[in-house]
Amino acid sequence: MMVIFQNETAKLIRRLALICFLGNLLLLQPNIATAEDSINELVQRSRFIFTGTVVELRAVTVPSITVSDNTIVVRIDELIYHKKPFANYGGKKITVLVNDSNLLRAADQAVFFTNVAIMGESVAVRAVGYKKIGQGETAPRKQIAAALQTMEDRALVERIAGAEFVVLGKVSSIGVAAETLQTHPISEHYPHWREAIVEVEATLKGDSSRTRIVVRFPGSEDVAFRSIPKFKVGQQGIWILRRDIRPGVPRAILEGKETDAYMAQDIQDFQARSRLEKIRQLIKQ
Amino acid sequence: MRRLVFLLQGLILTALISGCVSIKMVQPDPAAIERQVNVGVSNVVGPFSSEPGVELKFDENVMPLDPDTSDLVGFVVPPGTAPGDHNIKVTDKPGLLEILSIVLLLRDRTDETTLRVYPDVTVINMIPASLSGETEQDSEPFIAINAENPKLMIGSAFTPNPNAPCTDCSVMYVSTDGGDTWHLNPVVPGGAYVSPGVLDQTYSFDSEGSDLYGGVIDTTFSMVLARTQDITSATVMSRLDVQGFFDLQLLNFILHDQPFVRARTVAGSDGIYVGENTLKVFGCSEKTATVRMSTDSGATFTSVAVEYRDTGSVCQDAPSVRPAIGTDGTVYAAFMGWRSEGTGLTGEKLFNGDVVVVRDDNRAAGMNPFQDLLGTDGLPGRRVEQNRSFPFTEATTTDPGRHLGQERYGSSLSLAVDPSNSSILYIAWADRISTNDYTVHVRRSIDRGVSWSSDLLTITNAICPALAIQHNGTVGFFYQQLSPDASGNSRWESHLVQTTDAFTTKDDKILATVPADSPARVFDPYLGDYAHIEASGLWFVGVFSANNTPDNNNFPHGVVYQRNADFNTKRLLDVDNTTPVDISIDPFFFRVKALAP
């Protein structure tokens, strides 16, 4: 038994050594070696993912970029993941900045994992990595979709993990927070805190004895708070809440008693009611 | 015979030494219609007074020259010249000696170059073609122009980085061709997690053009002062100074507001002056108008409170603090000192206070910076006007008197100093003079801020005042005014007013007139708490934000869109030139020929 264990251990050590060795080799490779990186990691670091065909090496579509070995022109065949302004980029030729284009040839097809670098007459994107698509192969769309879902879930899981409460509920009233009624700075960027009373329908995480929770949110419509959830009476959904621990801030008053106030500061901290099952799944994770 | 040989040898030698005629310099380039162009030439053979010098042709037309020397000639671009590229050809006219000599055979006698002539007024939508699908509210624009190479410019607005969320990736607009084309470069530190980009941001090149300084409020509410020496670089601007949101000494949150950066090189080092409002989140802030400054090119920074009077129960000054630097090292700063709080007819906040200017005569490098201009009460800072009423929008949905059109009331203020005479400065601010107006006033001092004129100009219901002064004293004044059209619908009109005589006479150009009720406001500010203008060579160059409907009627002097647009159907189009795109607020660059005095 011991011998078997030792043999297994030795095998494991040899495998680990081999993995480390290969890992070191990969590290020594230029960025192009990210073709070996996991799709998960590439997706994690990318905001603009597409399949494309290399049109020209050592070329640019953005005049302000100097042509070099690291600039290639790629025609976008299919958008896989992108932000709103780039929805109609299918068929467009753009510049891709790579660390090394030696492994690419004109007419090669690949999945490019990139971020937008320069937006001018055309777009230049900086490649995090790419995976060539050989003849007869297809782009690993399912893996990418799964990785995107994992990325999205992971971000939400992180929000949930750091939250004291996750509740399904409905806003019954909204008032001005005490600190905003006190002397406060007059500034375009002052949050003008509001307090929403959320009637808890179900507690998904945290102390389930709470039937009402005070949720602070900025009432300001200033640009500083454009991405922070704001609430109105009657609004229903799922709140992912952290306690307001700012020093010197008065506690909230609920039913005549002092109580902690909570905040939903990230755009992900408020989810539609229809996401209930998904949130339950993520909490289990 | 020997003399003839000597003469021929001399002429050959002259020809060999003199080489070909060449154009060494054309200034300014680009040029303006009906404005002087000087051309530096070399190797003109004219050792004797009898030599006739050069002939200059502008598009094949021989031009009268003034000056007309052997190394510098000048002409005026003729009226009616079409904007665009034109040919300049210089010919060394043959004199008697050359005609008799071998010089004519041995050397080229002509050289030519291309001169771009700008139109008198240019307006350009700055959103690049690659972002034709963009529908953001790109408000609160700013611009900085490299004084040494005016073709290099940067701009800013609340334009998000499409990559967001990301770190140190907020975008700046970059132009390397004098504003004709723009691209976005994500190199501004701060952002973009909570928000898709940094908040308030302003920029200034030093006067040598080597460094661009920026001041931004990042998404952690820290004030970051940053620098780059290459606006086209992909490297994020380096942080010079960070004022965090939480102050460990004060044990309080500090809200920095509206960093307004001005920089100038004097005696080899850059003076950087950042007007800002420093507010404590809890408790009374008292005197908040501040200049964060460096006199050693950003190696060290200090904060100077420039308010010396009591702010009463308001406990603070207004958000805007605007420095202006003279070429001799005189530094001014203007702010609104709030003294008491009241309420307007519709419940909006009204602050009573003063318009104050402080001055330092030596770069603010001494022990008591900004104390060289005293008020009648003996305190530093001259009150241009007292007991004014300043409306201020609280920026919440429940604020009753919140908007001028869809714009909030901020603290509109601008200050400019004459680059040729630091004793002359102009100020513009907005306040309320009746019951529900927002009136911009423009005044002038010709004695270093000691005394001030009465109103030279008043504009009712206007925002974003911005002043700049040319070396020849011509003043440019930009503002945006909410005005009803013939049908009674409100429009935002963007004006550039110029004057050569302190607004006794003025030239008023409407750069844009757009619907004020669309698109719907997404956040405050709708157009901006400020816009900006600078004097650059023959031009006033600036930026404003406006409704981006591609309608020629909205731009009386014409407009160029970088993004895809169909002016016939008045629709924006996406990068595929087919898919319609909703209208939004975009930044617009403008360049207007300065009046000659």
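The lining of the second largest pocket divides into 30 nonpolar, twelve polar and eight charged residues, where Ala, Val, Leu, Ile, Met, Phe, Trp, Tyr, Cys and Pro count as nonpolar, Asp, Glu, Lys and Arg as charged, and the others, Gly among them, as polar. The model is predicted, with local features needing pLDDT of at least 70 and side-chain atom pairs counting only at pLDDT 80 or more, whereas totals for chains, interfaces and linings use all residues. Residues are numbered from 1 along each chain as its sequence is written, chains are lettered from A in the order in which they are written, and side-chain values use heavy atoms, with hydrogens and water left out.

The second largest pocket has a volume of about 1,100 Å³. Of the 50 residues that line it, B:Arg264, B:Pro419, B:Ile469, B:Glu534 and B:Ala535 are the closest to its centre. A pocket here is, on a 1 Å grid over the protein atoms alone, an open set of points where a 1.4 Å probe fits, with protein on both sides within 12 Å along at least five of seven lines, and lining residues have an atom within 4 Å of a point; the volume is the space filled by probe spheres set on the points, which are joined across faces, edges and corners. Strand 33 (462-469) of chain B is one of the strands that each supply at least two lining residues, and the largest share, six residues, comes from this strand. Strands (E, at least two residues) and helices (H or I, at least four) are DSSP runs, numbered from the N terminus.

Turning to the interface, 44 residues of chain A are in contact with 58 residues of chain B, contact meaning heavy atoms within 4.5 Å. The area buried between the two chains is about 4,200 Å², of which carbon and sulfur atoms give 56%; this is the accessible area (1.4 Å probe) that two parts lose on being put together, summed over both.

Two salt bridges are counted between chain A and chain B, each being a side-chain nitrogen of Lys or Arg within 4 Å of a carboxyl oxygen of Asp or Glu, and over all chains the count comes to 48.

| Salt bridge | N to O distance |
|---|---|
| B:Arg521 and A:Glu221 | 2.7 Å |
| A:Glu164 and A:Arg243 | 2.9 Å |

A:Glu164 lies in the loop between helix 3 (141-161) and strand 6 (165-176) of chain A, and A:Arg243 in strand 9 (residues 236-243) of chain A, so the pair ties together parts that are 79 residues apart in sequence.
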